[in-house]
Amino acid sequence: MHPAQSLYCSETTSPCELDVFLQRAKAFPSLAFALVGVDRLLLPAREALLSWTSTLFTQLSEKVPSAALGKLYLIFLRQAGVKIFSFLPIQRFSSDQLTSALDSATKQETFTPTYVRKKQGFITLQYLTASRACTGKSHTIRKRLAALHVNQLAHEPISVTICEEFLRSKFIKQYRAAIASQDEKPVDDLITLGVHLNVSCYAPFSVLARFLEQFLFWGLLEDETGQLLMVDKRVRWHFFVELATAPLDDDDFAHVVFTEQILNMLPALKHTASHQD
């Protein structure tokens with residue numbers, strides 16, 4: 001299933017983000033879509049989903065022509081909230097069935113690190129560095145990008161610092177500006193761009209992991225509302241990622257005091273980096 005066909009719900013998923021995804025599902029009735037973790041939705045988003053599905057269910061029952069929809073799966077990870085969707089067909093899975101499915105999936109070649117490294121994605125990571133704060137890595141990366149800008153880069157490097165939140169729209173805005181500056185180039189000409197992601201140990205790693213997977217493997221950029229943008233295939237990327245680890249004595253963030261712990265939360269980064277310091 002393509003990343004654009006699934007939405008992983010959380011307490012921060014808004015009714016607007018949900019609506020964008022549902023409209024996408026309705027626009028492509030030949031495809032299957034999945035909402036994962038519906039039980040995590042807060043009341044406004046859950047009510048919006050209930051209203052949308054109940055209206056569509058009624059329209060389908062009455063055979064309204066405009067109500068065409070393919071397969072849309074609402075996946076609950078807990079019992080919470082299942083009852084209000086009881087008008088829909090429900091399929092339950094035992095823990096043994098889920099364990100068996102997971103074992104089967106992880107044996108497929110597409111899920112192994114070796115295959116991921118071999119996969120020809122849209123982006124090639126040129127450089128990955130990991131360090132504790134204030135060790136001078138940012139300065140080193142900026143110098144390398146500045147040198148590339150003089151000789152190769154078509155535009156100022158895209159630079160995003162990711163702390164407690166990750167505004168993907170900020171990255172997309174800089175990317176759009178870089179591409180717009182190359183409008184006069186022939187369509188067959190390559191465009192060389194540089195990127196510096198400076199990732200704090202306090203970053204929202206689940207959001208970043210999904211962003212990197214979509215970007216590196218599928219060439220997609222997704223903003224906070226769920227809108228998708230396909231990356232221009234003419235771009236040749238110089239991609240620098242800086243990972244900061246937490247202090248060893250920070251008990252609240254003991255899960256990110258070592259680089260390997262962070263990389264395990266960012267598998268797309270771990271398995272595609274062509275160079276690591």
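Leu42 comes out as partly exposed, at a relative accessible area of 45% (buried is under 20%, exposed over 50% and partly exposed in between, with a 1.4 Å probe and protein chains only). This is a predicted model, where local features need pLDDT of at least 70 and side-chain atom pairs pLDDT 80 or more, while totals for chains, interfaces and linings use all residues. Residues are numbered from 1 along each chain as its sequence is written, and side-chain values use heavy atoms, leaving out hydrogens and water.

Leu42 sits in the loop that links strand 2 (32–36) with helix 2 (43–61); helices (H or I, at least four residues) and strands (E, at least two) are DSSP runs numbered from the N terminus. Pro15 is 27 residues away from Leu42 in sequence, with 9.5 Å between their C-alpha atoms.

As for the sheet, three strands form an open one in the order 1-2-3, with parallel pairing (a pair takes at least two DSSP bridges between the strands). Strand 1 (6–8) and strand 3 (71–75) are the edges, each pairing on one side only. On average, neighbouring strands here are turned by 10° against each other, direction ignored; axes are lines fitted to C-alpha atoms, for helices over the stretch in contact, and angles between N-to-C directions run from 0 to 180 degrees. Strands 1 and 2 run parallel and are joined by three bridges, and Tyr8 stands opposite Val36 in strand 2.

Over in strand 3, Tyr73 is partly exposed, at 41% relative accessibility.
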